[in-house]
Each structure stands twice: as structure tokens, then as C-alpha cells.
Amino acid sequence: NQRADSIDADHFLWENIWPKDNDGTDPENPPKPTASANGKYAVRMWVVDQWRCVWVDDRMPCDVFGRAALPGSRPIQLWPLLLCKATLKLMKHYGVLDRIG
């Protein structure tokens, strides 16, 4: 288990997802990802030695039983699914998925 009090600020994975709930000017209230009105999210990822922005939407693939096809968390949180979707999008872009199987 990760504990919020043992991880430095700016090292949480969800801090790489936009939009944010505030502009970050108040050090007592750091910005957190918030729901996007249009369902589009920007995910910052470290790829090939630099930060890149990957755009994903909040539509999630499901199996024939209606269960999410990507890993999630309980209680249901959107940020792990957005990170998985952004990772898969990058893997597809770089041809990694074409070499599997």
C-alpha cells in the first residue's frame, strides 16, 4: 500500500492528468485532476527521454459482460483507467502491441 504521507508531492501518478481543479497557486491546496466536461483528458507521460502529452477520452472498453477491460481500483476511480488507456495508446503508436502474441 502507498501512503500519501510517505510520498513526496509531485510524485503521484494522478498529478500527470489534466484538467485540474485549481491553478496551483495555493501551496496548501495543490491541484488535483477533476472531471472533464467534454470527456477529454491530457496525460503527461515520460517517453523516449522526454515528457509527452497523450490525449485520451473517458470512454472505456468493456467485455461482453459490460465489465471494464482495463484494470481499475475500488472505490471506482477514473485516473487508473486513464493512465492505462494512455499507456496502451503509446504502445500502439510505437508498435509495441504489434509485436505481442
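The legends below describe close-up views of a predicted model.

Residues are numbered from 1 along each chain as its sequence is written. In this predicted model, local features need pLDDT of at least 70, side-chain atom pairs count only at pLDDT 80 or more, totals for chains, interfaces and linings use all residues, and side-chain values use heavy atoms, with hydrogens and water left out.

**View 1. The protein chain holds one helix and three strands.**
Starting at the N terminus, the elements run β-β-β-α. Helices (H or I, at least four residues) and strands (E, at least two) are DSSP runs, numbered from the N terminus. The chain has 101 residues, and 25% of them are buried. Buried means under 20% relative accessible area, exposed means over 50%, and partly exposed lies in between (1.4 Å probe, protein chains only). The accessible surface of the chain comes to about 7800 Å². Carbon and sulfur atoms account for 56% of that surface. Accessible areas come from the Shrake-Rupley method with a 1.4 Å probe; for residues, only the protein chains shown count as cover. Of the contacts between residues at least 6 apart in sequence, 36% join residues at least 24 apart. Contact means heavy atoms within 4.5 Å.

**View 2. The largest nonpolar core has 14 residues.**
A nonpolar core is a set of buried Ala, Val, Leu, Ile, Met, Phe, Trp, Tyr and Cys residues joined through side-chain atoms within 4.5 Å. The residues with the most contacts inside this core are Ile17, Val43, Met45, Val54, Val56, Leu82 and Ala86. Strand S2 (40-47), strand S3 and helix H1 (78-93) each supply at least two core residues. H1 gives the largest share, five residues. In soluble globular proteins, nonpolar side chains tend to be buried together. Val56 is one of the core residues named above. Leaving out residues up to four places away in sequence, Val56 touches Gly39, Lys40, Tyr41, Val43, Leu82, Lys85, Ala86 and Lys89.

**View 3. Leu82 sits in helix H1.**
Leu82 counts as buried because its relative accessibility is 2%. Beyond residues up to four places away in sequence, Leu82 touches Ile17, Tyr41, Val43, Val56, Asp57, Asp58 and Met60. Leu70 is twelve residues from Leu82 along the chain. The C-alpha atoms of these two residues are separated by 9.4 Å.

**View 4. Asp57 lies in strand S3 (residues 50-57).**
With 15% relative accessibility, Asp57 counts as buried. The Asp57 side chain makes a polar contact of 3.1 Å with the side chain of Arg59. Another polar contact, of 2.4 Å, joins the side chains of Asp57 and Lys85. A polar contact is a pair of N or O atoms within 3.5 Å; within protein, one must be able to donate a hydrogen and the other to accept it, and residues adjacent in sequence count only if both atoms are side-chain atoms. Not counting residues up to four places away in sequence, Asp57 touches Gly39, Lys40, Leu82 and Lys85.

**View 5. Asn16 is placed in the segment before strand S1 (17-18).**
Asn16 counts as buried, at 11% relative accessibility. The side chains of Asn16 and Arg44 make a polar contact of 2.7 Å. Setting aside neighbours within four places in sequence, Asn16 is in contact with Ala42, Val43, Arg44 and Trp51. Arg44 also lies over the face of Trp51, at 4.0 Å from the ring centre. A charge sits over a ring if NZ of Lys or CZ of Arg is within 6 Å of the ring centre and within 35 degrees of the ring normal. Lys20 lies over the face of Trp18, at 4.6 Å from the ring centre.

**View 6. The whole structure contains two aromatic pairs.**
Trp14 and Trp79 form an edge-to-face pair, 5.1 Å centre to centre, with 65 degrees between the planes. This pair links distant parts of the chain, 65 residues apart: Trp14 in the segment before S1 and Trp79 in helix H1. Trp14 is partly exposed at 27% relative accessibility. Trp79 is partly exposed at 24%. Trp46 and Trp51 also pair edge-to-face, 5.3 Å centre to centre, with 75 degrees between the planes. Trp46 is exposed, with a relative accessible area of 51%. Trp51 is partly exposed at 44% relative accessibility. Rings of Phe, Tyr and Trp (its six-membered ring) pair if their centres lie within 6.5 Å; planes under 30 degrees apart count as stacked, over 60 as edge-to-face and the rest as tilted.
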